[in-house]
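Student: I have a structure here and would like to talk it through with you. Could you help me read its sheets, its buried strands and its surface?

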Amino acid sequence: MGATVQRLSGSSSGDDISKALDDDGVVIVEDFLAPDLVAALNGELQPYIDACKPREQKSMYDGFLGAYTVRLHGIAAKAGSFPDVMIDPRIMAVMDQQLKPNCTDYRLSSAELIEIRGGETAQPIHRDDDSWPRAAQSAAPLVVNVMIALSDYSAENGATVVVPGSHKWDLERKPEPEEITQAVMSPGSVAMFTGQTLHGGGQNVSGVPRRGLSVSYCHGWLVPVENSWLGIPLETVRNLPERAQTMLGYDLYDGTSRGGGLINMYEVGSPRALLDG
């Protein structure tokens with residue numbers, strides 16, 4: 001029998017989700033977002049998706065991102081429904097358990113719209129923790145990803161490829177075919193996986209787009225993948241809930257209780273001062 005991904009209901013607690021991540025490195029939580037919220041996110045993002053031009057293939061990294069894949073950052077500025085999703089209490093509860101053992105607080109690493117279109121090839125399997133040097137990975141997981149399905153995720157249209165249990169492997173180990181599966185799920189469901197779990201975008205042979213939001217959270221002492229300071233206007237940030245502002249980097253990181261110091265400073269203080277202007 002091949003690999004499978006554990007499935008939980010949308011009413012599952014943060015404890016239940018975190019335990020599944022500890023066990024398998026990946027879990028699907030079904031019906032996590034209500035249909036009207038999924039519809040709102042799709043509607044808000046559609047104009048930006050329509051305006052997105054095909055990526056020019058200039059480097060190997062462009063190939064990693066995909067020739068037939070739409071990618072957008074700055075989601076908090078593009079979709080008014082997103083900030084509340086970003087700080088959903090269930091997600092925060094999972095991040096508290098997965099990340100706070102190695103930091104005093106975490107922040108958004110990246111929020112990315114990913115729409116895999118027909119003809120896209122499979123993305124190389126990788127670990128998100130490898131966005132940072134291996135020297136930092138003694139504090140693994142450095143990041144936890146919440147992949148939100150905004151459309152059906154099927155084996156044919158590029159559902160995320162995952163390797164359950166790979167978060168416990170030696171970093172050089174390669175998966176066998178029978179150890180690889182896909183996060184097949186319906187709109188509103190999410191696949192959560194840790195930064196040490198092998199995964200990648202699937203091949204789309206159906207011609208039907210696969211749309212999702214990849215929302216990841218990292219230790220507050222790391223440089224995030226997405227530069228939200230430049231991607232989200234300050235006026236937008238000023239109108240967000242305080243916890244969302246913190247997720248976007250507008251707070252001091254105080255590591256003194258863990259033997260560290262103060263980082264992410266602005267004018268010898270907190271960048272939250274910028275929100276008072």
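Predicted model: local features only at pLDDT ≥ 70, side-chain atom pairs only at ≥ 80, totals over all residues.

Student: In what order do the seven strands of the open sheet run?
Tutor: Residues are numbered from 1 along each chain as its sequence is written, and side-chain values use heavy atoms, with hydrogens and water left out. Strands here are DSSP runs of E with at least two residues, helices are runs of H or I with at least four, and both are numbered from the N terminus; two strands pair if DSSP finds at least two bridges between them. The pairing in this open sheet is mixed, and its order is β1-β2-β8-β5-β10-β4-β3.

Student: Which strands are the edge strands of that sheet?
Tutor: Look for strands that pair on one side only. The edge strands are β1 (7-8) and β3.

Student: Which residue of β2 is the bridge partner of R7?
Tutor: R7 takes us to the pairing of β1 with β2, which run parallel and are joined by two bridges. In β2, the partner of R7 is I28.

Student: How many residues of strand β8 are buried?
Tutor: Buried means under 20% relative accessible area, exposed means over 50%, and partly exposed lies in between (1.4 Å probe, protein chains only). Both faces of β8 are covered, with V190, M192 and T194 on one side and A191 and F193 on the other. Strand β8 (residues 190-194) is therefore largely enclosed by the rest of the structure, the buried count being five of the five.

Student: What is the bridge partner of V70 in β4?
Tutor: V70 belongs to strand β3 (residues 69-72), where V70 and L72 lie on one side, T69 and R71 on the other, and all are buried. β3 pairs with β4 in the antiparallel sense over four bridges. The partner of V70 is E115.

Student: Which residue in β7 stands opposite V162?
Tutor: This pair belongs to an open sheet of three strands in the order β7-β6-β9, with antiparallel pairing. Its edge strands are β7 (181-182) and β9 (199-200). Strand β6 (residues 161-162) and β7 pair over two bridges, and opposite V162 stands T181.

Student: How far is the charged end of R90 from the centre of the ring of F32?
Tutor: A charge sits over a ring if NZ of Lys or CZ of Arg is within 6 Å of the ring centre and within 35 degrees of the ring normal. K78 sits that way over the ring of Y48, 5.6 Å from its centre. For R90 over F32, the distance is 3.6 Å.

Student: Is P101 buried or exposed?
Tutor: P101 lies in the loop between α6 (89-99) and β4 (106-116). Its relative accessibility is 53%, so P101 counts as exposed.

Student: How far apart in space are P101 and L45?
Tutor: The two are 56 residues apart in sequence. In space, C-alpha to C-alpha, the distance is 35 Å.
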